[in-house]
Amino acid sequence: MGLSSTTLWRRANPEAAKRHRQQEKERWFTNPETRFRHRGRNVAHRAKIKLEVFNYYGRVCRCCGEGDLRFLTLDHIANNGAEERKRLGSRGIGHAFYTYLRIEGFPAGYQVLCWNCNCGKRMNGGICPHKT
């Protein structure tokens, strides 16, 4: 996936982009309507990226078959999530991680598990309790 037109413009016009960010920051703190508009746009954008990630990796738990997106998480197949979060820093958690996966072209090494199976796998030495 390529860079967005906004990102390309920011890279080509760093001073103008800096002024624009400053103006947006001022509007954010002085106008509650701006905060509300941005918040709604960000929520929708994050939901879209999360849906793209789960559409790619699968929309059901690989262990128990749970399909409700509210319960699903991404699991590191090799149980190396802690090392990856250290390596990625703030890009390794939450919605930033979904964005990272999309930018990287949905790399291998991840699977969809429901929250229970993911936690059970962690607590059971890397094997979901359903499989023992």
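Modeller: Some ground rules come before the questions. This is a predicted model, where local features need pLDDT of at least 70, side-chain atom pairs count only at pLDDT 80 or more, and totals for chains, interfaces and linings use all residues. Residues are numbered from 1 along each chain as its sequence is written, and side-chain values use heavy atoms, with hydrogens and water left out.

Biologist: Why is Lys25 called partly exposed?

Modeller: Buried means under 20% relative accessible area, exposed means over 50%, and partly exposed is in between (1.4 Å probe, protein chains only). Lys25 has 48% relative accessibility, so Lys25 counts as partly exposed. Lys25 lies in helix H2.

Biologist: What about E2, mostly covered or mostly open?

Modeller: E2 is mostly covered, with five of its five residues buried. Tyr110, Val112 and Cys114 point one way, while Gln111 and Leu113 point the other way.

Biologist: What makes E1 and E2 a pair?

Modeller: Two strands pair if DSSP finds at least two bridges between them. Five bridges join E1 to E2, and the strands run antiparallel. So E1 and E2 pass the pairing rule. Within E2, Tyr110 is the bridge partner of His76, and Cys114 is the bridge partner of Leu72.

Biologist: Which elements do the buried residues of H6 pack against?

Modeller: They pack against E1 and E2. The buried residues of H6 are Cys117, Asn118, Cys119, Gly120 and Lys121.

Biologist: What makes a group of residues a nonpolar core?

Modeller: A nonpolar core is a set of buried Ala, Val, Leu, Ile, Met, Phe, Trp, Tyr and Cys residues joined through side-chain atoms within 4.5 Å. The largest one here has 19 residues. Val53, Tyr57, Leu74, Phe97 and Leu101 touch the most other members. H3, E1, H5 and strand E2 each give two or more residues to this core. In soluble globular proteins, nonpolar side chains tend to be buried together.

Biologist: Which residues is Leu74 in contact with?

Modeller: Contact means heavy atoms within 4.5 Å. Leaving aside neighbours within four places in sequence, the partners of Leu74 include Val53, Phe54, Tyr57, Phe97 and Gln111.

Biologist: What makes a space a pocket, not a cavity?

Modeller: We use a 1 Å grid over the protein atoms alone. A cavity is a set of points where a 1.4 Å probe fits but cannot get out. A pocket is an open set with protein on both sides within 12 Å along at least five of seven lines. Lining residues have an atom within 4 Å of a point. The largest pocket has a volume of about 720 Å³. Of the 20 residues that line the largest pocket, Ser4, Thr7, Arg10, Asn42 and His45 are the closest to its centre.

Biologist: What is that volume the volume of?

Modeller: It is the space filled by probe spheres set on the points, with grid points joined across faces, edges and corners. The second largest pocket has a volume of about 590 Å³. Its lining has 21 residues, and Leu74, Asp75, His76, Arg85 and Asn118 lie nearest its centre.

Biologist: Why is Phe106 called buried?

Modeller: Phe106 is at 17% relative accessibility, so Phe106 counts as buried. Phe106 is found in the loop between H5 and E2. Its phi is near 55°, a positive value in a residue other than glycine. Most residues other than glycine have a negative phi.

Biologist: And Asn79, how exposed is that residue?

Modeller: Asn79 has a relative accessible area of 47%, so Asn79 is partly exposed. Asn79 lies in the loop between E1 and H4. Asn79 also has a positive phi, about 55°, although it is not a glycine.

Notes:
Helix = DSSP H or I, 4+ residues; strand = E, 2+ residues; numbered from the N terminus.
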